[in-house]
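Please look over the sequence and the 3D structure below.

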Amino acid sequence: MTEAMDVDSAPDNNTARIQINLSTRDTSLSIPLQPLRVPTNFKRYGLSTLVNHLLGAPKPIPFDFLIDGTYLRSSIDEYLTQAGLSSEKPLDIEYVRSQLPPTYIGSFEQDDWISSVHLSPSTSPSPTILTGSFNGSAQITSFSGDILARTVPMHTQSVKAVTWVSSSSFLTAGLDRTINLWSYTPESDPSSDTREILPTTTYISHKSTITSISHSPSTNQFLSSSSDHTIAVWSTDSSLLPTVTLPQSTAFTRKRRRLSSKPPNTIKKGPLAVLTAHTAPVSQVTLHPTDQTAAYSASWDKSIITHDLITSQPVSTRTTQHPLLSITALSRLNLLAAGSAARHITLHDPREDSRVVQTAVLRGHTNGVVSIVGSPESEFTFASGSHDGTVRVWDVRSVSSSTTTTDDGDNREGRSLFVIKRESGIGKVFGIDWSRDIGLVSVGEDKKIQINRGEGMADVTVVDQS
Amino acid sequence: MTAKATTRKRSRAEVESEKPVLSSEDEFEIPEINGDEDSSDDSDFTAGDEDSDEEEEFSSGAEDEEDEEEIDSDEIPSEDEVSSKKDRPTNGDVPDEEEEEEEEKIEPADNVKVVTGADGNPRYIYPEIEPVYDSDDTDAEETNTIGNIPLEYYENYPHVGYDINGKRIMRPAAGKALDTLLDSIELPKGWTGLVDKNSGAALNLTEEELEIVKKLQRSEITDEGFDPYPDMVEWFSSKVEQMPLSSAPEPKRRFVPSKHEQKRIMKIVKGIREGRILPHKPQAEASQEPEFYDIWADDAPPKPDHVMNIPAPKLPPPTHDESYNPPPEYLPNEKEKKEWEEQDPEDREKNYLPRTHKALRLVPGFNGFIGERFERCLDLYLAPRVRRNKLNIDPASLLPKLPSPDDLKPFPTTCATVYRGHEGRVRSVAADPTGVWVATGGDDGTVRVWEILTGRQVWKLKVSSDEAVDSVTWRPTTEGRILAAACGNEILLVVPPIFDSEEENQGKEILSAGYGYAANRQGKKEAPGTWSKPDPVLEEEGVVVTITVRKTVKYIAWHRRGDYLVTVSPEDVRRAVCIHRVSTHLSQTPFKEKSLTKGIPQRVQFHPSKPLLFVATKRYIKIYDLAKAELSKTLKPGARWISSIDIHPQGDNLIVGSYDKRLLWHDLDLSTKPYRTLRYHDKGIRAVSFHRGGFPLFCSSSDDGTVQVFHGRIYSDLMENALIVPLKVLKGHKITSHLGVLDVDWHPKQPWLFSAGADGTARLWN
């Protein structure tokens, strides 16, 4: 091992020095492993300059530094004092690309509470926001706030889930137990009036509220989860699905029909398969990001079930302590992040050979976590929307082993990086989505689409807001 | 009479004094007489004189009293003068003789002995007078026996009292008025103004008596001739008397040297000679003694070993901190001082606190002196003192061991959702059996169904514009979603159009199945409830059947199978409790009209498994066996006004909420009295509820705006009593016009709680 390199060009005898080992999990930013001696009064900026110098990057990249799962927010000296460590021992520091705090960009108001949001895939020509509303309609809003299209009142009750199938079609599902496929062709002239779009296919299987839809572009399959404890497997290819008839209309639907214009006729289709592994309302289902045959679902029965879509059988069940309200798969980390009604997010390793039920608990929300979405930029960060009216951004790496062991089996806890509050200050957050083009979009009870973005803030010192 | 008697006595005394031998009393007088007679010339002469008196007396015995008195009165003052009477001696000789003779004659009668005296003369010896009872006591002073009665009482009577024989003592003759007047003008000598009590005569004092009184007033000795200031006789004076007082010769010791002294001197002389005594030995210098010395060094020498000798324990010498000015390191700091003061005197390691004084003279007196002395006295007295048994127990350890609420998770802790929309109070809340919806009924006459987590109202039914929806309940079965709502005197059975059409139709079929049945039985008997089709407006909204009863329905409870529902209308005294059967559209009152006279029913509940009906009146809970149609048990919770009850899903326990703030847990197996009383609410309890989905939770809601969550675990072991742990107070509802949380219900599967508040909101707690 070579002698530790002194960093400071003009060494000052008064400042104490500490040997550090810099490392990263990002292979594109790795530097050769060599021990460095830095003054202990270095802060994030000093270390960031040092890493940039070592990388020799033409444009400086802001970095953040993690020591033992905690972001360095003060000088190294203060950290050592706080953690009770000696400056004699070498310190292992992990550096990550700095995550900038998402700042408020703007918000667009709608008529009613907004239940769900989905951002257009990156393949689409222009970024659009698809939202489902409690008044039973879905809207497509452009990034500038123009309402590009609105669905005809096909849903008799609230829309609870929306998802883009492709850049020209999307799915809506809701309280009226049906899923509708809509086709939408983006118009060249955005200034034209809001178009009313028509459904093409109606998927009928569920007996209760549909809570989520998950679509896989590669196989054209999509899954829907429902409060009737089932998950249905569908395909956007209508020829694969059996044709069904619309159930007998009831008094309420008759009245609705009378009030509104007659809904357009659509093709009624049944599901490919129905998964009935859960014993309580299924709150969210998500397809495996890469494996087309696997899906994860979270339910109020506290379990996360891995489904095999080929056999339609559950593969494994992980039972947690609390009813789960949301789930998302962090693909490259092989982790599942599940939001619970008990106000926290648990991280799970879904692989069968993993013994621990959950690897970490992320605390901070004060109400049920209903929506989780991974970051488009970093595989380590994700955002969560909660009924407490906030969106929080989390880093999987910033998880430290807590001193108190909880009954949840694991004692690793994490704190959120950033907290985004509703600009309106009231109401719950019902859905969030995050894309590179638009940013972090959240919708909620305040009838507003709120957009936050973490750009153009290169030298902002990060304040821990939690 | 008295005067005469005294005279006679006197005369006899004179006679007797003449005689040389007399009674012993008289002997005393003899020398005096002799002394007197020494000066007199002739004793015979007087004797003869006396005799003549005697003779006269005897001779004149038969004469008048007055005469005799006259003679006497003449004679008595002249007694001294008798000797001067010269004419009598001539007469005296003869009668002298006669008298002697006469006396001799009398002698045998009077038992007088005559002996010859030393001088040869006969001497009369009289027998001693025996003072027998009836002896003559005329010589005794006649005393007035009126006792201590003032004499004025007798002023109006002729007598002044009574003598010893009970005879009146007459008032002495009082002078005439003129005499008294004169007397009053010229006071006689010695007049006192007093009246002799005995005689009633004026009590006058003689010169001598007055002199005595004067002397007494001067505090002088009244004895005549007493000289209080006699001349001093100087017996021992400076003057040398020529004549010695004693003529005894001078004793020898006055002039012979003392032998004893000589002995002592010789002893000293001997000592000097032998050199034992040094005559001019220099004194040992006091300064040679050390200035400081060990006062504990010369302890008493150890006594020889003996059974009775128990040497006193040797006390350790005092240490630094006992000094009046100890080194500072021995002084206690504030913390040590406080600790010492807080300790019990028995527990203290040392019974003093080291203190510092600048000088010894500044050391204050020992303040525990009296106490210590008292204790020492008690010790010497061997006084046993009761040793106080200190309870060194942490009070917390005496509390029952309740598990920490953290170990009893999950239970609702925070408000997750607020269901806003009702105008006015939310009266009732009920969670759907599937756990997705929650229904509320309120004062605005609406029934609303909400999505649980989002708090979105998905359905609303305006039942009435003026009457409140007092109770909503879901049919507790999974098929056919039917909601029962009570509004006024109507009970609406609704299938809300939020479900799958299959479920909706199923529910409608269940409800409409009884139409034909009810039609067949028309007119048989006046039923307590009328089943009818609702208005078309309501029917379109999902109402299938309306049951109309007489009075306002306050509460609805379903049977577990969903075929029966029981309603309470407390205003209807005769038909307060009604059981309605859905499948036949029939209503009946299960009780005879008079069986429920005591107390107005407040709540009713079906037993979760047995055919029992619980009816809570104001004070009692009556359990009716529906199969046998009899009252099987009456519970007495002791509450003044029961507001709500709920039965544990296992059916053996019951919780009762009352308006007097108490939550009572009844174990039906134990007693008719509550097993546990929980008083945690500040105001009356409005609703109580057990969790029916497997969590051992129950809760109570109160007018103080809080919902309190409890852990209530029942053990399958019958010996073990239920464990009740208070878990959480849920605060959030505002108190509106003294009403807080009016109803609570649990989520059927999750540990989530719904509450309906008077502030117009319902809330979900998780």
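## A bridge in chain B

B:Val615 has its bridge partner in β23(B): B:Lys622. This is a predicted model. Strand β22 (residues 612-616) of chain B and strand β23 (residues 621-625) of chain B run antiparallel, and 5 bridges join them.

## The sheet around it

Both strands sit in an open sheet of 4 strands in chain B, ordered β21-β22-β23-β24. The pairing in this sheet is antiparallel. Its edges are β21 (603-606) and β24 (630-635) of chain B, each of which pairs on one side only. Ignoring direction, neighbouring strands here are turned by 20° against each other on average.

## Chain B as a whole

Chain B has 766 residues, and 27% of them count as buried. Its secondary structure comprises 15 helices and 35 strands. Take the contacts in chain B between residues at least 6 apart in sequence: 50% of them join residues at least 24 apart.

## Chain A as a whole

Chain A has 466 residues, of which 48% are buried. It contains 3 helices and 38 strands. Among its contacts between residues at least 6 apart in sequence, 57% join residues at least 24 apart.

## Where the chains touch

How many residues of chain A are in contact with chain B? The count is 29 residues of chain A against 20 residues of chain B. Helix α3 (residues 251-259) of chain A gives the most to the chain A side, with 3 residues. By class, that side has 13 polar, 12 nonpolar and 4 charged residues.

## Confidence in chain A

The mean pLDDT of chain A is 81. In this chain, 85% of residues reach 70 or more. Two stretches call for care. Over residues 403-410 of chain A, the pLDDT is below 50. Beyond near neighbours in sequence, that stretch has 14 contacts in the model. Residues 456-466 of chain A also have pLDDT below 50. This second stretch has 14 contacts in the model beyond near neighbours in sequence. Where pLDDT is low, predicted coordinates should not be read in detail.

Definitions and conventions:
Residues are numbered from 1 along each chain as its sequence is written. Chains are lettered from A and ligands numbered from 1 in the order in which they are written. This is a predicted model: local features need pLDDT of at least 70, side-chain atom pairs count only at pLDDT 80 or more; totals for chains, interfaces and linings use all residues. pLDDT is the predictor's confidence in each residue, from 0 to 100. Two residues are in contact if their C-beta atoms, placed from the backbone, lie within 7 Å. Helices (H or I, at least four residues) and strands (E, at least two) are DSSP runs, numbered from the N terminus. A residue is buried if 20 or more other C-beta atoms lie within 10 Å of its own, exposed if 12 or fewer, and partly exposed in between; C-beta atoms are placed from the backbone. Ala, Val, Leu, Ile, Met, Phe, Trp, Tyr, Cys and Pro count as nonpolar, Asp, Glu, Lys and Arg as charged, and the others, Gly among them, as polar. Two strands pair if DSSP finds at least two bridges between them. Axes are lines fitted to C-alpha atoms, for helices over the stretch in contact, and angles run from 0 to 180 degrees between N-to-C directions.
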